[in-house]
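User: I'm new to this one and would like to learn how to read it. Could you walk me through it feature by feature?

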Amino acid sequence: MTAGTDPDEAQIEAVARGDAAATQNLVARKLPRVLSLARRLLNDPAEAEDVAQEALLRLWKQAPHWVPGRAKVDTWLHKVAVNLCYDRLRRRRDTVDHTEIELADPAASPAKRLDQTQVSQTVEAALQSLPERQRLALVLCYYQELSNIEAAALMEVSVEALESLLSRGRRQLKAKLADSRADLIGGGTASGGKPVLKVITGSKV
């Protein structure tokens with residue numbers, strides 16, 4: 001990465017100087033994405049909050065030692081969060097509880113909210129059932145909106161290997177959701193307003 005191309009570089013330098021406002025701003029901007037990543041990998045809101053807090057704490061501690069140009073702050077933070085999630089997944093290795101409910105549109109009717117919840121649960125359950133590497137690739141590229149190059153670097157694989165994981169993940173999701181396809185088409189969107197079928201069939205450029 002070329003020095004000076006990271007939009008977070010100036011802010012991490014301010015954090016390193018002990019700038020409280022910069023720290024608060026950085027946490028406010030990064031927390032939602034890290035939390036979203038951890039929730040999708042762990043499927044446990046409480047554990048996800050712990051991971052997000054730990055990842056941001058490590059970023060704060062790392063700030064004085066940050067070497068500009070070595071890595072993007074966002075990529076580094078994602079890597080830390082993924083590793084923390086994997087540590088927890090390795091420790092539990094039991095069945096995944098598919099009870100996490102996506103936030104529903106508060107303006108929607110109760111019936112529509114229920115429909116959105118059911119769609120989200122169906123997609124999340126299918127996502128959680130994928131092999132970890134395929135799930136991580138899909139989460140990084142579609143939910144975290146990292147580029148293929150960024151996601152591949154974070155997973156320490158080639159872009160071709162990442163695309164293979166994405167392809168296999170999409171195929172498996174499509175197969176797992178085949179029976180629910182009609183309901184999904186008519187049932188609203190996945191989290192963040194993303195069309196459900198984009199996750200299932202779309203290809204990331």
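User: What percentage of the 205 residues of the protein chain count as buried?

Analyst: Some ground rules come before that: this is a predicted model, where local features need pLDDT of at least 70, side-chain atom pairs count only at pLDDT 80 or more, and totals for chains, interfaces and linings use all residues. Residues are numbered from 1 along each chain as its sequence is written, and side-chain values use heavy atoms, with hydrogens and water left out. Now the burial: "buried" means under 20% relative accessible area, "exposed" over 50%, and "partly exposed" in between (1.4 Å probe, protein chains only). Here, 42% of the 205 residues in the protein chain count as buried.

User: And how many helices and strands does the protein chain have?

Analyst: Helices (H or I, at least four residues) and strands (E, at least two) are DSSP runs, numbered from the N terminus. The protein chain has 10 helices and zero strands, so its pattern along the sequence reads α-α-α-α-α-α-α-α-α-α under that helix definition.

User: Which residues touch the most other members in the largest nonpolar core?

Analyst: The general idea is that in soluble globular proteins, nonpolar side chains tend to be buried together. A nonpolar core is a set of buried Ala, Val, Leu, Ile, Met, Phe, Trp, Tyr and Cys residues joined through side-chain atoms within 4.5 Å. The largest one here has 51 residues, and Leu140 and Leu162 touch the most other members. Several helices supply at least two residues each, among them H1 (9-16), H2 (20-42) and H8 (159-176). The largest share, nine residues, comes from H4.

User: What is leucine 162 in contact with, leaving aside its neighbours within four places in sequence?

Analyst: Contact means heavy atoms within 4.5 Å. With those neighbours set aside, leucine 162 is in contact with Ala137, Cys141, Asn148, Ala151, Ala152, Met155 and Val157.

User: I see a cysteine there. How many disulfides does the count come to?

Analyst: A disulfide is a pair of cysteine sulfur atoms within 2.5 Å, and by this rule the count is zero. Cysteine 85 is buried, since its relative accessible area is 0%. Cysteine 141 is buried too, at 1%.

User: Is histidine 78 buried or exposed?

Analyst: Histidine 78 is found in helix H4 and is buried, because its relative accessible area is 1%. Its side chain makes a polar contact with the side chain of glutamine 144 at 3.0 Å. A polar contact is a pair of N or O atoms within 3.5 Å; within protein, one must be able to donate a hydrogen and the other to accept it, and residues adjacent in sequence count only if both atoms are side-chain atoms. Leaving aside neighbours within four places in sequence, the contacts of histidine 78 include Arg33, Leu37 and Leu140.

User: How many aromatic pairs does a search of the whole structure find?

Analyst: A pair of aromatic rings is described by the distance of the centres and the angle of the planes. Rings of Phe, Tyr and Trp (its six-membered ring) pair if their centres lie within 6.5 Å; planes under 30 degrees apart count as stacked, over 60 as edge-to-face and the rest as tilted. The search finds one pair: tryptophan 66 and tryptophan 76, edge-to-face, 5.8 Å centre to centre with 85° between the planes. Tryptophan 66 lies in the loop between H3 and H4, and tryptophan 76 in helix H4. Tryptophan 66 counts as buried because its relative accessibility is 12%, whereas tryptophan 76 is partly exposed at 23%.
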